[in-house]
Amino acid sequence: SNPNPSDTAGRTKNMVDDPVIPNTVHSSAISAYHFGVLRGGICFGARKFARNDVVVAFGVLARVVGCERRRNRHVSPNNDNGEEYYYQLRLSLKTVLEEKKAEDEDEAVPSSTAVAEEGDGKDSSVVPLAAGSLLMPKRMKVLQLVKCLHRDDGVFLPGYAVVSIKSKFLTGSSGSAVECKLPYEQLLDSYGDDLSNPPIELDQIAQTKLRVGKRIDVEGLILTVPVGVDMLPIVSLRPSLIDTIKKNVPSSSSDDFSIICPSPKSNLFMGEYVRGYVARIDKRFGAFVRFFDGLTGLIPKLKKGLDENLYDTILCRVTALDITSSPPKILLKKVSESEVAKKRKKKEGKNKGGADGGRGGGNDRQIQVGHIVGDVKVADINFARAKVFILDNHDADSSKIRARIHVTMADALDKTKLSKKEKQFKEEHKIGKLHPFYSWKVGDIIPNVRCVAADNRDGISYVELANLAEPLPSVVSDPSHLPPGYVVSAIVTSISSTNSHHGLWVQVCPGISGFVPALELSTDPDALNDLPANYKVGTRIKCCVMQKTNANNKKLHRRNHKLPTDDDYDDKTKELQALELSVLLVSGDETADTNDKQRQMLFKPTKPHRGDTVVGRIHAKSRALGPPSLMLNLRGGHAGRCCITELADVESWENMPLGKLASLAIVDSKAENAKEHQHRVVSSDSDADLSRGTEEDDASNDENETNSSEIVQNDYPEGKYVKCRVLGNGRSKAAVELSLRDSRLEGDNMENDAVPKPNDMIHAYVVSTTKMGCFVRLSRSVEGRVILKELSDEFLPNPGAMFPQGRLVVGKVKSVKKPNHHGKKGNVSATAMLDIDMRESVLLVSGDRVTMDDIQENSKYTGVITRVESYGVFVRIDNSDVSGLAHVSECSDSFIKNIHDLYNPGDLVKVIVIKMEKEQKRLAFSLKASNFVDDDDSDDESTSSSGSESSSDAMDEDDE
């Protein structure tokens, strides 16, 4: 706008202060004074532009669409340079303002002839902004052409054109127009062998096909609609893809030769024909074929994938399919149009020939799906199927009909008495009393049989029959044809008892199997713990098809669970995926007006909520969250965590309820053995006893090092099903908090345990023992700490071995304070932190204590185990400071392979004094059960109650 362009100073001043004349081009550097928005880029300055000004920004001609004055936060308000405010510009690459009349003529709706050619109705002119929508001619206008880019690192980026489509032609769009991206590789169906590597000829092809400012006079197709707001939809001009969309009419399930352009939402099946284009060729794998919305398949190099031409439109057949991933993984094989047409014609001829041959030249009595065949005679029986002959079939050649009744299509007959030979036959084929074929015999007449599936191949009719009452069961060729929420009737074929996959294998229909996880079978944990007794093989159950989840996408679903006697009529060898089924999701009240999204949410297990009662499967081998805790698997792949304090009510707490690593105590004490053996108070100080103890210690070490992760557990074994109460979300989103307490399961008590007060006596579980002290847990929300000097009245050479994780202890509360959550470790959900004293002198402040003078030989006492060694266990008598050793030979009436598997520190035991030396203060105990057979309290109930408090704080043996 400067009248004197040679005057640089005047030009600069004019840019900063003077208004700009509309529709003029500025040749000065706009980046020095302004920031403009140009496809996501921003530049700032001090000059205000008028609407429709045309500027040159970084060598790109652009038109000002809007100008907004903003405050610069990076400049102080007292700045005198005048840069406190700046103007933000919105720019457009459309620099030519066309006449309204010309624009209206150019964008006018096509003539009646064109409309007639494109189809009747509003849908032919207005389409949704979605992949697969067809665009009529002259709907796209070219705004910009971007050339191909070959970077220095060898990466080649094909060029593309930016096109604009009026919003009135698209539903679901906002604004006046929608900008789209037309890649140069989407202009033709095939580029032949003319393209080099890299294909730099794409720019020349685009120059001949496209012109900036002109409309494209051919039909288009929306190829991809990205989810990101900053990404442009991609369109294509490939005639073959457009023609496929036009001709693609939803066909019946029996049409195996329809050609589609799939998307990630399509229900693909094995053998389906699809059309796409070669998007990339990788010498390591083969040719990658692209479809709608980024769905990609692979033609392996072993299937001549490297022979394909880049960017060519090709027709393929699906040879392998994995729908457990999202999007599905697809393996393809290239086929020709003539091959598909030839197969279609051949099948039509066979169907016609089979109908003529089997029914006397096109007889109207041809067997069709749903027809009543009549009576059939059983010719052969095994677990999976019964071969039959059609009796009422006078008009057809019986040699050209193969009929059978699959186990999933069979119903039991009236019970008849079986001979001894027939019962033996049933047992050999695993046909139990609940199996549909148990009452069937060879030669039986099955009345009123219906046809549920039929096929004609090579002049022979293969017929699938059923004697079930209506409604007829569904017969499908691929599991993907059964959507989530579909209720099926299935036969139990086997019981899987592995830890990783525990449940039932079932057969849904011929060739289609499914797996029902145990957690989806029942809400009764007793029934799940004994599946063989509650779910017999051959039983019919009603299941619901589940929506696949990440947790259920296991390898077992990628193989076809085929019955050993399930012989098909054809030679198909493809492997089908097993359905994921649920018995608990079956609802007899199905609503027909539920939308698809709601139905999908209904047919998969949801995360449990606070207060729900659920069944969980113990997964003790899983890494525990916030140990000590018990991890469980819940429905739908969700994980649960049960704190050690929630395993039982406080009155029923036991020592070491979760067990411990058997090798942990041995490894921790191995370094101390040589020193500690010299100071132990033993019943025999002979060299032979010491040598034997050392040898057993070494043998125990070798054994445990080979299986260092073995966990000693009794009450909570791996794989056991238990009933739990959901307390809420845990400290981590990975698991929900659960409780196994009877008081929570039987009542409505969901609140946390009360916080103890100072001087209260408490029970707690050891969390960890470090140099800082012993950390204990009283409940989910209350934790405590015991400093080392307050663990015992005596010196503890190895506190970690004396107080392992999970040991039940007793202490006295010194003070209560709020927890400190600043550290990375610790229970972030704890509401109180206690200071606790566990010294026996503090706990037993009154009462007569037992002394060494009170001990009598052959007398029986109750006590607590203070330490476990390879040569025996040390026991402290209740209400005393008197301790002694029970040698490993006196710990059991039978041979002990590993004493650490039998005893833990803190266990309550009964002992008998077998030897004593009062002068040396040495005691020898025996723990053999044979010594207490005649006792009235041999069940140990009185033992547990008499010394519960003193046993929990038992300390190490002293040196005297």
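The questions and answers below go through selected strands, contacts and side chains of this predicted model.

In this predicted model, local features need pLDDT of at least 70 and side-chain atom pairs count only at pLDDT 80 or more, whereas totals for chains, interfaces and linings use all residues. Residues are numbered from 1 along each chain as its sequence is written, and side-chain values use heavy atoms, with hydrogens and water left out.

User: In which strand is Ser768 found?
Analyst: Strands here are DSSP runs of E with at least two residues, numbered from the N terminus. The run that covers residues 761–770 includes Ser768, and this run is strand β37.

User: Is Ser768 buried, partly exposed or exposed?
Analyst: Buried means under 20% relative accessible area and exposed means over 50%, with partly exposed in between, using a 1.4 Å probe and protein chains only. Ser768 has a relative accessible area of 29%, so this residue is partly exposed.

User: Which residues is Ser768 in contact with, leaving aside its neighbours within four places in sequence?
Analyst: Contact means that heavy atoms lie within 4.5 Å. With those neighbours in sequence left aside, the contacts of Ser768 are Gly773, Cys774 and Phe775.

User: What is the order of the strands in the barrel that contains β37, and what is the average twist?
Analyst: Two strands pair if DSSP finds at least two bridges between them. Five strands close into a barrel with mixed pairing, in the order β37-β38-β39-β41-β40. With axes taken as lines fitted to C-alpha atoms, and angles running from 0 to 180 degrees between N-to-C directions, the twist from one strand to the next averages 50°.

User: Which residue is the bridge partner of Arg785 in β41?
Analyst: Strand β39 (residues 782–786) and strand β41 (residues 832–837) run parallel and are joined by four bridges. Within this pairing, the partner of Arg785 in β41 is Asp835.

User: Which residue of β31 stands opposite Gly514?
Analyst: Strand β29 (residues 512–517) is mostly covered, with five of its six residues buried, and β29 pairs with strand β28 (residues 502–509) in the antiparallel sense over six bridges. In that pairing Val506 stands opposite Gly514, while β29 also pairs with strand β31 (residues 579–582), in the parallel sense and over two bridges. The residue of β31 that stands opposite Gly514 is Leu579.

User: What is the phi of Gly511 in the turn between β28 and β29?
Analyst: β28 and β29 form a hairpin, with two residues between them. Gly511 lies in the turn, and its phi is positive, at about 85°.

User: Which side chain is joined to the side chain of Ser236 by a polar contact of 2.7 Å?
Analyst: Ser236 lies in strand β15 (residues 234–236), and it counts as buried because its relative accessibility is 0%. A polar contact is a pair of N or O atoms within 3.5 Å; within protein, one must be able to donate a hydrogen and the other to accept it, and residues adjacent in sequence count only if both atoms are side-chain atoms. A polar atom of the Ser236 side chain lies 3.2 Å from the backbone nitrogen of Arg238, whereas the side chain joined at 2.7 Å is that of Gln186.

User: How are the rings of Phe285 and Phe288 arranged?
Analyst: Rings of Phe, Tyr and Trp (its six-membered ring) pair if their centres lie within 6.5 Å, and planes under 30 degrees apart count as stacked, over 60 as edge-to-face and the rest as tilted. By this rule the count comes to six aromatic pairs. Phe285 and Phe288 have ring centres 6.4 Å apart and planes at 75°, so the pair is edge-to-face.
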